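These are my notebook entries on one structure. I record below what I looked up, entry by entry.

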Amino acid sequence: MTDLTDLGVAAIRDGVRAGTFSAREVAEGFIANVSKAKALNAFLVETPDHALAAADAADAARAAGETLKPLAGVPIGMKDLFCTKGVPTTAASLILEGFVPPYESTVSANLWDAGAGMLGKLNMDQFAMGSSNETSAFGNVISPWRRSDGGNAPLAPGGSSGGSSTAVAARLCPAATGTDTGGSIRQPAAFTGISGIKPTYGRCSRWGTIAFASSLDQAGPMARDVRDCAILLEAMSGFDAKDATSLDLPVPAWEAGLSGDLNGKRIGIPKEYRVDNMPAEIDALWQQGIDWLKDAGAEIVEVSLPHTKYALPAYYIIAPAEASSNLARYDGVRYGLRDLPEGAGLQDMYAATRADGFGDEVKRRIMIGTYVLSAGFYDAYFTQASKVRTLIARDFEQAWAKCDLLLTPTAPSSAFALGEKSADPIAMYLNDVFTVPSSLAGLPAMSVPGGLDGAGLPLGLQIIGKPLDEQGVLNAGLALEQRAGFTARAEAWW
Amino acid sequence: MTDTKYTIRGETGDWEVVVGLEVHAQVTSNAKLFSGAATAFGAEPNTQVSLVDAAMPGMLPVPNRECIRQAVRTGMAIDAQINRWSRFDRKNYFYADLPQGYQISQLYHPIVGEGAIDISLDDKNPDAAGKRIGVERIHVEQDAGKLMHDQHPTRSYVDLNRSGVALMEIVSKPDMASPAEAGAYLRKLRSILRYVGSCDGNMEEGSMRADVNVSVRKAGDELGTRTETKNVNSVRFVMAVVEQEAKRQIDVLESGGRIVQETRLYDPDRNETRSMRSKEDAHDYRYFPDPDLLPLELDDAFLEECRASLPELPDTKRRRYEALGITPYAAAVMTAEVEAARWFDALLDTGVAPVAAANWTTSELFGALNRTGRDIENSPVSPDQAAELLGLIADGTLSGTLAKQVFEIMLETGQGAAEIVEERGLKQTSDTGEIERVIAEVMAANEDKVADYRGGKDKLFGFFVGQTMKAMGGKANPGVVNDVLKKMLG
C-alpha cells in the first residue's frame, strides 16, 4: 500500500472523497511522521487532536453521504505567525511565550471552514524576520536536505517560513501555510524543493496574523506542487471586513483554471535580475526555465525593471520601520512575557521585558526602523524609500505593457549551511534580492522547483504576475513543473 | 466692537496676548474610531474594550464610517476645506494607557483643512462686535486609555474603555487676543459642534478639552515663544489659563528671563499653570503613514450626504430670527444652545407671532427654567402648550398679568392654558357694562380723589386704574378700563 504521507493535497482530498482511504488514516500517518521528526525542529506545538477531529468530521460526513468540503480530510501545518484559538501562538519569540489567543485568524478560520485540520504550529524566524530560520527563539529548523558531496553540515530551510518548508519537504504534512513579507514563502520553498505562492497583497486577510510589516505581509500556501497551492490558496483567500486592506473581490476558481498551455502569453525576462556573482547553475536554470516556457507556447521578451537595485535597500527601510511600530505592543502589560525587576517602574518593565523577550534580529530591525523614522532622518530614509517603492511599482506597470508574466530565479543561491551567514546580516538580507521587488509592488509571485544544483540541492524559479493574476502565475508555474519533472526528495536521515 | 485692545500692563509697558486653541472633541458615535467597541461614558472599567483596543497580536483597525462622517460635517459647518484624500498616521510612543504603542492620528494629511469660526464679544449686538477666528485644520484620531494611580499603594490601574474612542482635534490659528476671545471661541465652537451633533460638548465628562497655546509680545513685535497648557476642561479655566499664563510670561520676561517652549498643566485650585515637560524632553513621535489603513477617499455622494444632513447653524438661525423682527440680543440668546433653538423653532412652527413669542420665551420661559434649575430639554412646557398660551394673550383672552398667573399654574400642574382659564375663570373681561359698574363703585368710595382728579391732579388716573383692576381680580382688559375711566372721570 502507498504511504499516504507521500500524497499531496489533491490526492488526499480525492482519495478521501472516493473512499480509497479514510481521513483518519491520513491524519494518523502524518501525526506519526511529525512525532518521528523532532530532529528537524519544524513544529513548535503539535496538535494531533485538531487534525484527528477534522479527519473524523470528514469521515463522518462521507459516511453520511454529505458533500465533502474542499479540504475535507487534509491535515496541514500552520506557521506560528497565525493566531489559533486555544493553541499557543508565539511568532517564535520569547516575548509571546505562553500566549494563547482567544481568537482564530481569518486565514486559519477559512482553512478549518474548508474542512482542513491542523497538525501543529510551525517554527519560523522570530516575527518572520530572517531568511534561514535561525532567528527563532526556539531553535533552528534543520532542512531535510543534505549536500550530496558528503558534507553533513545542517542546512538552512530558508526563512522566515522555514518550519513550513521543512515540514512539507520532509512529508510531515502535505501542505502548510506560510507568510511572505519579502520572500518568506518563496525562498524557503526554493531551498527545499517545494512550491509556494504569495498572492496579490490583499487577497488573504491579515486579521489575526501577527504583523511584521503590514504593507507587505501576505499569507500563502506552501505545498508539493502547483495544483496543491491553487487548492489551498482558494481556501485561504477572500474578502474580510476586519482587514481594511483586504480586497473586496470574489475568489477565482484557480484549481479549475489550471492549464500549462501558455500559447499567447508573453513572458518577460528582466535584465536587471542578472546580478553579479550569481552561481552559473542558477543562470543555467533560469535559461532552462525560459526554454520550458517557450516550449509551453509562450513568447519570451526581454524587459527592464530599472529600479530593481534600489528595491532591497528600500525594503530594509520600510519593513523595519513598520515593524518597529507594529512590535511596540509587546510591552509586558497585557500578554506574553512580563519582566518586572524588583522595584521597577513602567519604563524599566518595558525595557526589561523587551530586552529579554526579543531576539537579536528583531531588536536590530526595531532599531533600524526607529532610526529611519526619527526626526531628522525620516525624509532621507523613509520618504526616500517610499518613493523608491512607487518607482518599483511603476517599473512593473511599464513591463506589463510588454509581457504578461515575469520569470526570474527565486533566490541567488541554493540552501546555505546553518551559521554560514548568521553573523553577516547584509549577506543574509541579499537572499531576498529577487523576491523583494514584487513584495514592494504587492504582486502575486510563486516559486516552483526547477532542478538541483551540483551539490544536489534544490533551486527554484520564480514567476511574478500582474495584480490579481494568480491564475497566470499558477499556470506558468504548472508549465514549468510539467517540464522540470522535479521528483527529487530529501533522504530521511532524521 | 470696542476699540480698546486687550493688553496687560507690565512694568515695561503694555503687552499683547496671542492665543491659539487645540480642542479635542469626542466624536458622537456609538462605536470607537477603529473598533466596534461601545463608547458610553461611565461604564465599568475595561468593559468597552475590543481585541483591537487592547492591541492583541494580529488585530487590525477598520475605520468607522460614522466618525469620518461627523468630522466632515463639522468641517462643513465651519466652512472649511474638506480634503477628499486624507491619510492616517501613527504617532509612536510608549505609555501604559496606549496599548498599541502608537496613536492613530492624522499629521500629514488631515481630513479637514482651513476654515473659520465667527465669534461675538457682545451678546447685545453680536454682529457689531464680531471677530473671525481662523481654524487651521481638523483631524481625527484615537483617544488613549485612562490610568488610575490612586487605587493601590504600589500599582497603577489602566482602564481602556476610552482607548480608541474617536476624537476630532480642532486646531485654531493664533487669532485670539484675550481671555474673552478665547472663551467666546470655545463657546461658539461648542455650540456649532452641538448643532451639528458631532460632539455632545460635555466638558465635565471630558468630551471636550482644550490645549491652550499662549504667548505675549509688545505691540508690533514678532510672535513670542509660546507655551501649551494641556487638557483644560472648562471655558472658565481656559480664560483663566490665558490670563494667568500671560501674566506669568510677562513677569518672566520683565525680570530678564526667557520663555521656554514647553507643555504646562493648569491647577484650578491655585489658579496657576505648572511646567510639565520642556521641548528638550519632548518625544520623537516618529509619525509615519499607518500601513494597516488605506488612504481615506471621499466621494461626491458621501460629501453630498454630509452636506445635506447639516442643520441650520447658529449664525444663520440668529440672522433669520433677526429678520423676523426679533432683537439681536434675544436672537443670540435663543440660538446659543441648540436645544433652545430647536424648542423655539418648534414654537415658531405653530404660527405664533415671532416677536411676542421671542419676548415671552426669553423672559418668561427662560426665567422660569432658571428659577427651577431646569434646562430646556426638560422644559415642563412644550412648544405647543406655549403656543396655546401665546394665542390666548394675542386674542385678548389673557392680560399680561393673567398670562403670568396661568403660566405659573402650567408650570405647577402641566395643564394647558385654555383648560386653566376655563377651570379657574381667569379669562380677561372686556365687558364694558361690568367695568362701568365697578368703576362707579370705585368712584363712589373715593369721592375726594375724584374731586382732586377733576381739579387737575392727572396723576391720580393710575390710582383709579389700579383700584379697578384690583376690584376685578386682575381680569379686566386694561385697554377697556382706561377708555371707560377716561369717559366716566370726564
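**Entry 1: domains of chain B.** Domain bounds, as I use them here, come from an automatic or database domain assignment. I note at the outset that the model is predicted. On that basis I found chain B divided into domain 1 (8-305), domain 2 (312-424) and domain 3 (432-489). I then looked up the separation of two of these: the centres of domain 2 of chain B and domain 3 of chain B, taken over C-alpha atoms, lie 33 Å apart. Their contact draws four residues from domain 2 of chain B and four residues from domain 3 of chain B.

**Entry 2: the annotated active site.** I consulted the UniProt record, an unreviewed entry, which places the feature "active site" at Lys79(A), Ser160(A) and Ser184(A). Why can these residues be said to gather at one spot? They span 106 residues in sequence, yet no two of their C-alpha atoms are more than 11.2 Å apart, so they gather at one spot.

**Entry 3: Ser160(A).** I located Ser160(A) in the loop between strand 3 (117-122) and helix 5 (162-169) of chain A. Is Ser160(A) buried or exposed? A residue counts as buried if 20 or more other C-beta atoms lie within 10 Å of its own; Ser160(A) has 35 within 10 Å, so Ser160(A) is buried. Leaving aside neighbours within four places in sequence, I listed the contacts of Ser160(A), among them Met124(A), Asp125(A), Asn133(A) and Ser184(A).

**Entry 4: Ser184(A).** I found Ser184(A) in the loop between strand 4 (175-180) and helix 6 (186-192) of chain A. Ser184(A) has 37 C-beta neighbours inside 10 Å and therefore counts as buried. Not counting residues up to four places away in sequence, Ser184(A) touches Ala128(A), Gly159(A), Ser160(A), Ser161(A), Gly178(A) and Thr179(A).

**Entry 5: where chain A meets chain B.** How many residues does each chain give to the contact? I recorded 32 residues from chain A and 24 residues from chain B. On the side of chain A that touches chain B, the elements giving two or more residues are helix 9 (308-326), helix 10 (346-357) and helix 11 (360-373) of chain A. Helix 9 of chain A supplies the largest share of that side, three residues. By class, I noted 16 nonpolar, nine polar and seven charged residues on the side of chain A that touches chain B.

Methods. Residues are numbered from 1 along each chain as its sequence is written. Chains are lettered from A and ligands numbered from 1 in the order in which they are written. This is a predicted model: local features need pLDDT of at least 70, side-chain atom pairs count only at pLDDT 80 or more; totals for chains, interfaces and linings use all residues. UniProt positions are given in the numbering used here, feature names are shortened, and annotations may be inferred rather than shown by experiment. Helices (H or I, at least four residues) and strands (E, at least two) are DSSP runs, numbered from the N terminus. A residue is buried if 20 or more other C-beta atoms lie within 10 Å of its own, exposed if 12 or fewer, and partly exposed in between; C-beta atoms are placed from the backbone. Two residues are in contact if their C-beta atoms, placed from the backbone, lie within 7 Å. Ala, Val, Leu, Ile, Met, Phe, Trp, Tyr, Cys and Pro count as nonpolar, Asp, Glu, Lys and Arg as charged, and the others, Gly among them, as polar.
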